[in-house]
Amino acid sequence: MLDVARLRADFPLLAQRENGHSLVYLDNAATTQKPQAVLDAITDYYRTTNANVHRGAYDLAIRATEAYEAARATLAAFVNAWAPEGVVFTRGTTEAINLVAGTYGRANVKAGDSVVVTAMDHHSNLVPWQILCQENGATLRMVEITEDGRIDLADFGRALERRPKIVAFPYVSNALGTVNPAAQLATLAHAVGAVVVVDGAQSTPHLKVDVQALDCDFYALSGHKMLGPMGSGALVAKPELLDAMPPYHGGGEMISRVWDDHSTYNKIPHKFEAGTPNVEGAVGLATAITYLERIGRERIADHEQALAAAAIEKLTQIEGVTVYGPRGRGDRAGVVSFTYGDIHPHDIATILDQDGICIRAGHHCTQPLMRRLNVAATARASFYLYNGLDEVDALAGALVKAGALFGYVPA
Amino acid sequence: MDTSPPDPHLSALYQELILDHYRRPRNKGTLEQATHTVSLNNPLCGDEIDLQLRVDGDLIKEARFIGRGCSISQAAASMMTQLLKDKSIPQALALADRMSAMMQGDEGAARDKTLGELRALAGVSKFPVRIKCALLPWNALTDAIKS
């Protein structure tokens, strides 16, 4: 386990009290808290370096550009990107996936083609593909999940028989915590000629990610789920694919020459970064990466898996609690989704909040998955490097109190 | 393990009467001769309600609902359908206003006997994120009347 007490001292918000209790923040799959180093990096950027990037003729603007491009290089190294120019900064995972659907997808998916997604995809890796398929007359094929919350490989194989143009899936499920065999899925998809889009929102913060080893084609990530600022994130892609794609947003920075009625476009990645970028976000994200690397992602993953295992053990001892998703330690990240008898997840979340415990209740932007689990919503605790076993105990204790308050009698 | 007694606001929120309506909802089901039907959901949390009214002239003769969601939204729907029986449309809209006032913390509304059992939901006003749960069936009602 990590030295949680020492790590927590780096996170000012975690020292706050909520409803008279020490804060137990267990909603890290939604967003993470920020270490002082990230807050300082953002402030320092504005105090010492701020100017618009890629256009200034003066030293300050050059330093701002250098800081922005250094952040790109840091992120490229963090996920072992094909090249720094294969890293397009976006507002986050959602924008990155929309970018792929709106450019590569629009150009390559034709009437009669198919696009494959899974029943555990977040709406952000589903709705952009629905829109694309509706616009282009293509078929969207959703791969089923198994009883224990994994991608059904047999159904995945059947979906590939139609030789889809695009196959999209999450590396780690935000609702179940399932760690999918991403490299295996990518190999299978490539064998039928598909391009592979991986939603990395929940994997990048928690696992050692190597996009070249995964051999996907597009990989989307969010900065705010990995200690970085909100509104930061990236699309990591094979440069030759980006080169061949039409642009996404039009505007400044993405052009080469502009005529009255047409334009030529800038080199990648700038072709996909119209307008003034979120430089503070990039700088903050790079600092978050340095922080994570100092601890080590393997150690973070071990820590979270230990917390998840402890939570599953404690929660399943409470009569009436059902935990969803795989039980194996290696194939589950630090996400534990559960229900408790007939106590609705929102009621659970309200009751836990009175003890300063923050969990998520709802459909987790995965309505198709909730339908398959035959629930309207689940409660979800999700862990990060600053959570400790004492917080797992607090969660279990507060759940027992919720049961008592609701007069829950096991059936 | 934390063994402190439940927060008084929480005890007020989850009163016996609310849990009873949640677990044994009144008027749950389909209304054969509905004159008004409205489906509303809360996209953020997934609470759902299908409200059906049988209105004769100006009078709500019967109200039923189908729904799923948290204890607050479902208890509010159950209590509302009881209260609406034989109320006129203007009376129903006035009740919706009183309910809304109670959710904003209006103590006069919380003592208003015309709200009947719904007064048990007064504690929701202390939980701002849950107010939308209590008002979901009432929003369905006003939608149904306006439609």
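Which residue in β10(A) is the bridge partner of Phe89(A)? Select Phe89(A) and look across: the partner is Ala234(A). Before moving on, note that this is a predicted model, in which local features need pLDDT of at least 70, side-chain atom pairs count only at pLDDT 80 or more, and totals for chains, interfaces and linings use all residues. Residues are numbered from 1 along each chain as its sequence is written, while chains are lettered from A and ligands numbered from 1 in the order in which they are written.

**Stop 1**

Select residues 233-237 of chain A, which make up strand β10.

Is β10(A) mostly covered or open? Mostly covered: 5 of its 5 residues are buried, meaning that 20 or more other C-beta atoms, placed from the backbone, lie within 10 Å of a residue's own. Show the side chains next. In a regular strand they alternate between the two faces of the sheet. Gly233(A), Leu235(A) and Ala237(A) lie on one side of β10(A), with Ala234(A) and Val236(A) on the other.

**Stop 2: Leu235 and the core**

Centre on Leu235(A). Among the residues it touches are Val88(A), Ala96(A), Leu99(A) and Phe218(A) (contact means C-beta atoms, placed from the backbone, within 7 Å). Leu235(A) is also among the residues with the most contacts inside the largest nonpolar core, along with Val198(A), Val236(A) and Ala311(A). That core has 173 residues; a nonpolar core is a set of buried Ala, Val, Leu, Ile, Met, Phe, Trp, Tyr and Cys residues joined through C-beta atoms within 7 Å. Colour residues 279-295, helix α10 of chain A, which supplies the largest share of this core, 9 residues.

**Stop 3: a four-stranded sheet**

Finally, find the open antiparallel sheet of 4 strands, in the order β13-β14-β17-β16 (chain A). Its edge strands are β13 (321-324) and β16 (360-362) of chain A. To see one of its bridges, select Val321(A) and its partner in β14(A), Tyr340(A).

How values were computed
A residue is buried if 20 or more other C-beta atoms lie within 10 Å of its own, exposed if 12 or fewer, and partly exposed in between; C-beta atoms are placed from the backbone. Helices (H or I, at least four residues) and strands (E, at least two) are DSSP runs, numbered from the N terminus. Two strands pair if DSSP finds at least two bridges between them. Two residues are in contact if their C-beta atoms, placed from the backbone, lie within 7 Å. Lists of a residue's contacts leave out its neighbours within four places in sequence.
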